[in-house]
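Here is a quick briefing for anyone meeting this structure for the first time. Have a look at the model, then read on.

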Amino acid sequence: MTPIKRRGRPPKIPRDNPDTRAALIRSGTAILTEQGFSASGIDGILKQVGVPKGSFYYYFDSKETFGREIIDYYGRYFARKLDRCLLDEALAPLERIRAFVQDAAAGMAKYDFKRGCLVGNLGQEINVLPEDYRRQLSDILLDWQQRIAGCLRLARDSGQLAPSADCEGLAEFFWIGWEGAVMRARLAKSPQPLERFAQGFFAGLPG
């Protein structure tokens, strides 16, 4: 006998299904990178993944908790993206930073400049976000900054930069300018702001 299907109830999804949870985080990351936090609805994310709305809370207590998971995921994802360029021993240290700029520009172009930096996007909304997001976003930026600083120290040690170069200060300056360049690139729908920023950054390095 064919079992009668119950109507009106979403299918139960195991709470510990890592594939579904990961898919929700990836989908949420893509949407928040385009739309920011306030404008992003849970419904669109669930529809994209094919998860019933009632099942969302099997994985996350709230949208705020979901946001924290997405921020953490994006921070680790982008750190790996940075490391692929900054730890490439086939390139001189400064060329590694240039490679990152080129890779990031290509990534923005791939999505028609609709996606920016999730950390930068949320930073612009910080006054309406949960207060603990501020520390989480700041810690991620500091982590990325330290990666650039490490590459600049290699450049200093190899003679590409002057011995007096303040690598930590230069790395902080890089990320302050970079986030602005990403925002301008989205506005212009062009890599030109990224290229202009990089040109100015490298021209100003103490040689």
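How many residues does H7 have, and how far does H7 reach from its first C-alpha to its last? H7 has 27 residues and reaches 40 Å, close to the 39 Å expected at 1.5 Å a residue (the expected span is 1.5 Å times one less than the number of residues). Keep in mind that this is a predicted model, where local features need pLDDT of at least 70, side-chain atom pairs count only at pLDDT 80 or more, and totals for chains, interfaces and linings use all residues. Residues are numbered from 1 along each chain as its sequence is written, and side-chain values use heavy atoms, with hydrogens and water left out.

**The whole chain**
- The chain comes to nine helices and zero strands (DSSP runs, H or I with at least four residues for helices and E with at least two for strands, numbered from the N terminus).
- Along its principal axes, the C-alpha trace spans about 80 × 30 × 30 Å.
- Of the 207 residues, 43% are buried (under 20% relative accessible area with a 1.4 Å probe, protein chains only; exposed is over 50%, partly exposed in between).

**Around H7**
- Buried residues of H7 include Tyr 133, Trp 144, Ile 148 and Cys 151.
- The buried residues of H7 pack against H4, H5, H6, H8 and helix H9 (192-203).
- The axes of H5 and H7 come within 7 Å and cross at roughly 145 degrees (axes are lines fitted to C-alpha atoms, for helices over the stretch in contact, with angles from 0 to 180 degrees between N-to-C directions).
- Pro 93, Leu 94, Arg 96 and Ile 97 of H5 make this contact with Ile 148, Cys 151, Leu 152, Leu 154 and Ala 155 of H7 (contact means heavy atoms within 4.5 Å).
- Just after H7, Gly 159 takes a positive phi of about 90 degrees.

**Pockets**
- The largest pocket has a volume of about 520 Å³ (on a 1 Å grid over the protein atoms alone, a pocket is an open set of points where a 1.4 Å probe fits, with protein on both sides within 12 Å along at least five of seven lines; a volume is the space filled by probe spheres set on the points, which are joined across faces, edges and corners).
- Its lining has 20 residues, with Tyr 74, Tyr 77, Lys 81, Tyr 111 and Arg 115 nearest the centre (lining residues have an atom within 4 Å of a point).
- The second largest pocket has a volume of about 340 Å³, and H6, H7 and H8 each supply at least two residues of its lining.
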